[in-house]
Amino acid sequence: MKIGELLIMNGLITQDQLQHALKQQIHSGKKLGELLLGNGNITERQLLEVLEFQLGIPAVHLNEVTLDKKTVHLIHESTARKFNMIPMEEKEGKIKIAMLDPLHHEAIQQIQLATGLIVLPFISSRSEIDQAIIQHYGVSDSTEEVNQIIQAAAEQKAKDIHLIPGVEEAVVKFLIGNNLVKHKSIPKDHHEALINRIKMMFNLFAEQHKLPQEGRLSWQKESKQLDLRLATLPTVNGEHILIRLFNPLDKIMKMTELGLSDSNHQAIEKLFHQQAGLILVSGPSFSGKSSTLHSILQELNKDNLNIISIEDPVERRLSGVSQVEVNKRIGYSYSSALQSALYHDPNIIMLDDLSDKETADMVVRASLADCLLVCGSPGRNAVLTIGRLIEIGLDPHLIAASLSGVLSQRLIRKVCVQ
C-alpha cells in the first residue's frame, strides 16, 4: 500500500492534503513523506511509524538509544553526512545502521565494502540523524565555511552569491551592484562537500546532482538577518549554486530618494493618483525595478485603500499591504495569485514581474475596471516594453486602452555622500 493511502487510512492526513503534496512532488522531486512533513501535515514520529509498516524495516528513535562510539567511527564522517546515516552497533559480523533511506542500495554497498560487515538497516528521522552526526562527528568544517561566505556577502551588501564549478577549482563570486567580484577559490576536492552542506542547510536532496533544485532559508548570525533563495544548475564540471540574499528589514526609499528629476517626479505622481489603469516600471535586470515598485507602494499606502502585492519572492515587508508570494513549485503562479487577489476587491495591485500572456491578459483587463495595476516588466526602454507586450500575444487595442504610462529606468554610479 502506498504511503499516502496508509496515512489517510490512519486518519493522519486528508485527501486534500495528499493531493496538494502530490502536486508539490511533481515540481520538487522530493519524497511524499518529506513534503507532508514540511507542510506540517504529519510529525516525524508519525512518518516513521507509517514507513516502518510500509517497508517492513524497523524504526529507531536515536534520542532514545545510546550509540557505540567505536561503531560510529567505523564509517567516515563524509559517508555518514552524504547518505544521512549513522552506525549504532556492531555485533557478530553485522552492523546496525540508522538511515534516512534504508532502501539506498549504493549506501549499503559502500558500508559493506568499507567495513566487511553485513548491514542491518533501520529507519530514522532526518532531524535525529543530523543531531547524532553533530554529536559524534562534530560540526562540519563546511558548515562554518558556508556561514563565513554568507556573512562576507552580507557585509559587502552583495545581492547574489555564485559558486561556480571549474575543471581544477570552484570560484565563489559576489554580485555587488551590477558587478561580479571574485571572493575566493575552492579546491575541486572540497567543492562537492561544500555543495552537499549547502543543500542540507536548504533541506534539499544532497544526492540529486542531475536535476535543478530550489530552496529557501532564513539565516541569522549576530545582528544580521537575511532571507536566502537557492537555485542549483547541473553543469559538466559540477553544480553551479546561486544564493540570492534579501533583507526583509531593509529601509524602503522614498520617491524623493530615487534620483528622479522634478518633472519626472510630478509626472509619475499624476499617474499614481488615478483610480484605474496600468503602469509599467521597466528596465534591465538589476536596474532597481523592485526598489522603485516598493517606493511607489509606500507612497500610495493609505488607510482608505486596499493594496495587494504579488511578488516572487517577497523581498521587503510593507506594513498595511497584503503581500502574496508566488510559489511556482506548487503551481501557485502569478496568474493564480492575481485571480485570487481580484476576489478581494483591491484598489491597487502590484506585480513585480509581468512575464507571461495569461498574467498580462488578466492585468490588462483588471486595469480597465476600477483597479490600478502597477507592474514590473523587463525591457531596455519604454517603447520596447510596449512592443514586448504585443510579442507575448496581447491585443494592441487593449494595451492602448489600459496603459497609462511606462517608467523606464537605469542604475547609474554616483559619488557617495560622506
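Trainee: Is glutamate 92 buried or exposed?
Mentor: Glutamate 92 counts as exposed, because its relative accessibility is 72% and the cut-off for exposed is over 50%. Keep in mind that this is a predicted model.

Trainee: Where does glutamate 92 sit?
Mentor: Glutamate 92 is in the loop between β1 and β2. Those two strands form a hairpin with two residues between them.

Trainee: What is the phi of glutamate 92?
Mentor: Phi of glutamate 92 is near 55°, which is positive although the residue is not glycine. Most residues other than glycine have a negative phi.

Trainee: Which other residue has a positive phi near 55°?
Mentor: Lysine 157 has one, and lysine 157 is not glycine either. Lysine 157 is in the loop between α9 (141-155) and β4 (160-164). Lysine 157 counts as exposed because its relative accessibility is 72%.

Trainee: New topic: β13. Which residues of β13 are on each side?
Mentor: Strand β13 covers residues 348-351, with Ile348 and Met350 on one side and Ile349 and Leu351 on the other. All four are buried, so both faces of the strand are covered.

Trainee: How many bridges does β13 share with β11?
Mentor: Four, with β13 and strand β11 (residues 307-311) paired in the parallel sense. Isoleucine 308 has isoleucine 349 in β13 as its bridge partner. β13 also pairs with strand β14 (residues 372-378), again parallel and over four bridges. In that pairing, leucine 351 has cysteine 375 in β14 as its bridge partner.

Trainee: Which residues does the cis peptide bond join?
Mentor: The cis bond joins aspartate 312 and proline 313, with omega about -5°. Proline 313 lies in the loop between β11 and β12 (322-325). Most peptide bonds are trans.

Trainee: Next, histidine 61. Where is histidine 61 found?
Mentor: Histidine 61 is in the loop between α4 (44-55) and α5 (69-72). Histidine 61 counts as buried because its relative accessibility is 16%, and the cut-off for buried is under 20%.

Trainee: Which side chain makes a polar contact with histidine 61?
Mentor: The side chain of arginine 45 does, at 3.2 Å. Setting aside neighbours within four places in sequence, histidine 61 is in contact with Arg45, Leu48 and Glu128.

Trainee: Last bit, the whole chain. How many helices and strands are there?
Mentor: The chain has 16 helices and 15 strands. Its C-alpha atoms fill a box of roughly 85 × 55 × 40 Å along the principal axes. Of the 418 residues, 45% count as buried.

Trainee: How far apart are the mean positions of the positive and negative charges?
Mentor: They are 4 Å apart, taking 43 positive and 49 negative charges. As for the surface, the chain exposes about 22200 Å², and carbon and sulfur atoms supply 51% of that.

Key:
Residues numbered from 1 in each chain as written. Predicted model: local features only at pLDDT ≥ 70, side-chain atom pairs only at ≥ 80, totals over all residues. Heavy atoms only, no water. Buried < 20%, exposed > 50% of the residue type's maximum accessible area, 1.4 Å probe, protein only. Areas by Shrake-Rupley, 256 points an atom, 1.4 Å probe, with all protein chains shown as cover. Lys, Arg positive; Asp, Glu negative; His and termini not counted. Charge placed at Lys NZ, Arg CZ, Asp CG, Glu CD. Polar contact = N/O pair within 3.5 Å; in protein donor to acceptor, adjacent residues only side chain to side chain. Contact = heavy atoms within 4.5 Å. Pairing = 2+ DSSP bridges.
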